[in-house]
Amino acid sequence: MKQFQLFMFDLDGTLLDSAEDIAIAVNYAFRKLNLPEKSKEEVVSKVGYGAKKLIEDLIPEYPEDIKEKALELFREFYHQNPVIYSKLYDYSEEILAKLKESGKLIAVVTNKYEELSKRILEKLGVLNYIDLVVGADTTSEKKPSPLPVFYTLQNLNVNKEKAILVGDSETDVLTAKNAQVYSCLVLHGYGKKDLALSLNPDFVIENLKKIEV
């Protein structure tokens, strides 16, 4: 992977283990509305497409007004408490530091809101490694649309042949394919690995330490 100039990373499930905090926020919202609580595993299985889709997929049988209220409560709690238990995966900071030392450009491309993502990265002490954070609200469409990647390439002035998107899910592999950049699937995290592998990512790694700098 030494040929790449730009490394784009997904956040949740790739750089960051945030499952506990997301599940806590979901169940806070559901308790407020007297809805059945969900296990962390149930919540994690729906992560990857943004908060709105997360809530919709967890309570598909409920009417729209309940889903909207649950989303509002989820965001209210999570935006105030984004890093209670969340932590970087092993090697996250190490690989970011190595990439930066090697003169590579680093972006985070996530379906979390941009400002929230920056707050989380700052609190975990790695925002200084990141050249650009692109969130669900940065462009008019979020992953798996190619627009967040196009925005990143344009703002960092990198040709797509020199860029790779590293993520844990089918959303990330599909985003890379749609944007015609290289894809790297990391096997930890939350994504549906069988589905992601069926999309034929260019690289598959066990963890972030396997990224060659």
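I am working from a predicted model.

**Entry 1: the cores**

I began with the largest nonpolar core, which has 54 residues. I asked which members touch the most other members. They are Phe9, Val26, Phe30, Phe74 and Ile211. Helix α1, residues 19–32, gives this core its largest share, eight residues. I then looked up valine 26. Leaving aside residues up to four places away in sequence, valine 26 touches Val43, Leu54, Ile55, Leu58 and Phe74. Another core lies apart from the largest one. That other core has 16 residues, including Leu6, Met8, Leu153 and Ala163.

**Entry 2: threonine 152**

Next I went to helix α7, residues 147–156, where threonine 152 lies. Is threonine 152 buried or exposed? Its relative accessibility is 0%, so threonine 152 counts as buried. I listed its contacts, again not counting residues up to four places away in sequence. Threonine 152 touches Leu6, Met8, Ala107, Val109, Leu132 and Val134.

**Entry 3: helix α5**

I checked helix α5, residues 92–101, for buried residues. I noted Ser92, Ile95, Leu96, Ala97 and Leu99. What do the buried residues of α5 pack against? They pack against β1 (6–9), β3 (87–88) and β4 (105–109). Glycine 103 follows α5. The phi of glycine 103 is positive, near 80°.

**Entry 4: aromatic pairs**

I looked up the aromatic pairs and found five in the structure. One of them joins phenylalanine 4 and phenylalanine 7. Their ring centres are 6.2 Å apart and their planes stand at 85°, so I logged the pair as edge-to-face. Both phenylalanine 4 and phenylalanine 7 are buried.

Phenylalanine 4 also pairs with phenylalanine 203. Here the centres are 6.1 Å apart and the planes are at 85°, so this pair is edge-to-face. Where do the two partners sit? Phenylalanine 4 is in the segment before β1, and phenylalanine 203 is in strand β8, residues 203–205. The pair therefore ties together parts that are 199 residues apart in sequence.

Phenylalanine 4 has a relative accessible area of 1% and is buried. Phenylalanine 203 is partly exposed, at 24%.

**Entry 5: a charge over a ring**

Last, I looked at tyrosine 49. Lysine 53 lies over the face of this ring. The distance from the ring centre is 5.7 Å.

Methods:
Residues are numbered from 1 along each chain as its sequence is written. This is a predicted model: local features need pLDDT of at least 70, side-chain atom pairs count only at pLDDT 80 or more; totals for chains, interfaces and linings use all residues. Side-chain values use heavy atoms; hydrogens and water are left out. Helices (H or I, at least four residues) and strands (E, at least two) are DSSP runs, numbered from the N terminus. Buried means under 20% relative accessible area, exposed over 50%, partly exposed in between (1.4 Å probe, protein chains only). Contact means heavy atoms within 4.5 Å. A nonpolar core is a set of buried Ala, Val, Leu, Ile, Met, Phe, Trp, Tyr and Cys residues joined through side-chain atoms within 4.5 Å. Rings of Phe, Tyr and Trp (its six-membered ring) pair if their centres lie within 6.5 Å; planes under 30 degrees apart count as stacked, over 60 as edge-to-face and the rest as tilted. A charge sits over a ring if NZ of Lys or CZ of Arg is within 6 Å of the ring centre and within 35 degrees of the ring normal.
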